[in-house]
Each structure stands twice: as structure tokens, then as C-alpha cells.
Amino acid sequence: MFILTKIADLVQIIPEDFEKEASQAIEDNINAKYANRVIQKIGLCICLYDLLSASEGLIGHGTGLVNVNVEFRLIVFRPFKHEVLTGKISSATPEGIRIRTEFFKDILVPANRLPQGSVFNDNEQVFTWVTEDATLYFDSHETVRIRVEEETWHDQAPTKATGGENDQDDGEKDKHAPYGIIASMEESGLGPCLWWDGGEEEEEES
Amino acid sequence: MKILEAQSAVLTNYEVYCHLVEQEERYERRKNERIERLKEKKGKGGKLVKFDPSDRRPGNLATLSIELLEYLRAPPSPLGSSPLPYDQGTIKRLLEGLRPWDFTKGEIIMILNLRPTTAANLNTIVEEMVDRFPDEADQEAILNVIIDVLGQPDQKAEREAMDESKDKNKQAEEAHEAAKDEMDVGE
């Protein structure tokens, strides 16, 4: 689920931070810049893991900022293909079920990746899985297991500056999350955890 | 910004969890040290400031860290059970225990993160399990190694916790809806 990414960057420490220890100031600086941000094709950055190297601090002309070149490793949320994760159902539409975790909400399980026999229930706005002997509900807020199938990336950098081919889908662009995950729940063992983890007796009862 | 290596290592949830907890403690310690220092100064006529913005982590990090810890501690994650089923030697012990079978790195990581204790759960993690480990005794043995190293979830408590969080969310949603309705009436 999590990986380490090695990055080189320039950190600028403001004079207000001079009373902090240098390593702490650098860490805060990196975290303020990267935590909870998506880097295209890398993933959702969590926080600094460790600092590998830092140059001498140099003060530029005209500002009081101390410039430090650093190399560091970041913890990044980037589940690999076919990884199994847990999440919660946040909502359902005929297109599929949206899943979120506490810190990441752009996961979609499209209707065609649900178990065979799943139908959308218009009255209750939930998907149900109709099997031979029971109708099972994909209730909202249910904790589910999902398998990561695909990722979608949408660079939200201002398009005017880059121009060119990106211009045509401008209207749609706002809707897309910078990093999204397409997942599936069609295999046995995936889907609501309560279906699979529950005690034997209780399963027979219901 | 320059990416030197897109993926230099893979971490397990436990390692991320430790890092976050340790980070939280570090900030807390720093705050306490500062207050201690100020208290000393106060004796000599200094001012005691209880709150200082430099005690805080950057806001985006604080939010994410709280949410991520909440996620990692939520059942059925093994990090939510107490006592904590992991320690420094857990990963090594699991690797040694699973050596007789041929697992990929990804599978090992998922086993560590998800702690499968039934054949159904193991089946989702291990690709083509039926072909690779057709012998049921083998599957049983694998599960036993996992239970031996990582322990077993308290299923009843877990179910209740999951149900509870579901209910809590539902109630919050209903309250929200009700509030919205009231506002509509007010207008």
C-alpha cells in the first residue's frame, strides 16, 4: 500500500524557523510542501520518511531565506496492481460503488466489476447481489475488501500555460481526481468483510 | 523537485504506523520541552506561552496523519487489535515461517497488512491459490503459520466495532439530513 520515493528538492527556510533545529526545520518544510498532495504517476504523499543528505545553507540575495539542497525519501500511498485493500462504501450510483478510506476517497468499483448477479436497487440507492438463496446488500458505510485493478491520473496543472492537446477536455477536467483507483469486488472473499469474516453459526442463521 | 527514484522500497502498514506514531510523539516531546524551558524562564520573569504555532506540525500533515492512523487502527486491520500483534521481529518471523512455500513479495506484504486467517481470505490475496497450493493441508499449514506469528482477530469484537462504526456514520448522516431539512423548512 505504501512505498518510499526518493526525491531531490530545494528547501527554503524562513528566518522565523531559524530557532528550530535545522533538521526539524527541513522536515517541517518538506512535510508542508508534500503531505496530502498527489504527485502525478507517483501517488499520494504521506510524509517525510528520512533525510538522506542536505547541502550547506546558502542565503540568497535580497531575501533572508536559507536555501538548502536536500535528498530525502517520502512515504507515498500507492497500492500496487492487484493489491487487496479495505475501505468503506461511501455511495452508490448505477455506474458503480464509490469507496473511501479515511484519508483517500477516489476509489470506484464499476458495476461490471461487482460479483455476477449484482443489480442496482433504485429505491434504496444501493447495489444488491442476488444469489440463489439470498439477497445481499452493499450497504453504505460497510467495510469492504477491494482489489486494485487500474489507476487514473489527471494532471491538474494549469492548462493555459502548457497549452496544446490538453485544452479540449477543459470542461470535464474539474470533475477528475488527480489520482483515482479503479477496483473490483467480483471474486469470492472480496466485498463486505462481514460476509466472509463472520462466525460460521451466524452465517447459517441469516 | 526532481524524482530520483519513483519506488525505492515498499513499506508495510506496520512500518508506516510506527513512523506516524513516533512522529506524533516527537512533536509532543518538543512541545513539552519548550514549555519546560519557558517555565524555568518564568521564574526569572519570563512570560509563559502555553501555545506556540511552532509546536504544531504543518496543518496538511496533521490532518493526514490523524486520518491515516484512524484508517490503520480501524477493524479489521490487525493494527487495531490490542495488544499490538506486531513487533520488530514480526516480519522476519513471518518470512521464516512461510519459507517452505513460494510467495511473491506483494503477497507477503498483503499477508502482513491484512492478516488472513481463513482460507477464503487467503484466497483473495494469493493469486491462483487453488493451482499453486491444491493441498488443503498446505493451506491449513500456511494459515497456522500466519496465526502463529500475527495472532488471530477477535471476531466478535471486530464485528461489533465494524457495525458500530457503520451505525455511527449512518446516524451522523441522518442528523446531517435532518439538519438540512430543517433549514429548508426555515427558508
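Predicted model: local features only at pLDDT ≥ 70, side-chain atom pairs only at ≥ 80, totals over all residues.
**Entry 1, rings.** I then looked at A:Trp153 with A:Tyr179, which is a stacked pair with 4.3 Å between the ring centres and 10° between the planes. The pair joins distant parts of chain A: A:Trp153 belongs to strand E12 (residues 143-153), A:Tyr179 belongs to strand E13 (residues 179-184), and the two are 26 residues apart. I checked the accessible area of both partners. A:Trp153 has a relative value of 15% and counts as buried. A:Tyr179 is also buried, at 1%.

**Entry 2, a charge over a ring.** In chain B I noted B:Arg57, whose charged end sits over the ring of B:Tyr27 at 6.0 Å from the ring centre.

I traced E7 (residues 96-100) and E8 (residues 107-110) of chain A, which pair in the antiparallel sense over 4 bridges. E7(A) and E8(A) make a hairpin, with 6 residues between them. Across this pairing, A:Ile99 is opposite A:Ile107. I then looked up what else E8(A) pairs with, and found E13(A), in the parallel sense over 2 bridges. There A:Ile107 has A:Ile181 as its bridge partner.

I went through residues 105-114 of chain B, helix H4, and counted 8 of 10 residues as buried, so the helix is mostly covered under the cut-off of under 20% relative accessible area. The buried set is B:Glu107, B:Ile108, B:Ile109, B:Met110, B:Ile111, B:Leu112, B:Asn113 and B:Leu114. Just past the end of H4(B), I noted a positive phi of about 50° at B:Arg115.

I searched the whole structure and got 2 cavities of 30 Å³ or more. The largest cavity holds about 220 Å³ of space. It is lined by 21 residues, of which A:Thr86, B:Tyr71, B:Ala74, B:Pro76 and B:Ser77 are the closest to its centre.

I asked which elements supply the lining of the largest cavity. At least two residues each come from E6 (84-93) and E12 of chain A and from H2 (59-73) and H4 of chain B. E6(A) gives the largest share, 5 residues. Sorted by class, I recorded 9 nonpolar, 7 polar and 5 charged residues in this lining.

Methods: Residues numbered from 1 in each chain as written. Chains lettered and ligands numbered in written order. Heavy atoms only, no water. Phe/Tyr/Trp six-rings, centres within 6.5 Å; stacked < 30°, edge-to-face > 60°. Buried < 20%, exposed > 50% of the residue type's maximum accessible area, 1.4 Å probe, protein only. Lys NZ or Arg CZ within 6 Å of the ring centre and 35° of its normal. Pairing = 2+ DSSP bridges. 1 Å grid on protein atoms, 1.4 Å probe; cavity = no way out; pocket = protein on both sides within 12 Å on 5 of 7 lines; lining within 4 Å. Points joined across faces, edges and corners; volume = space filled by probe spheres on them. Nonpolar A, V, L, I, M, F, W, Y, C, P; charged D, E, K, R; others polar.
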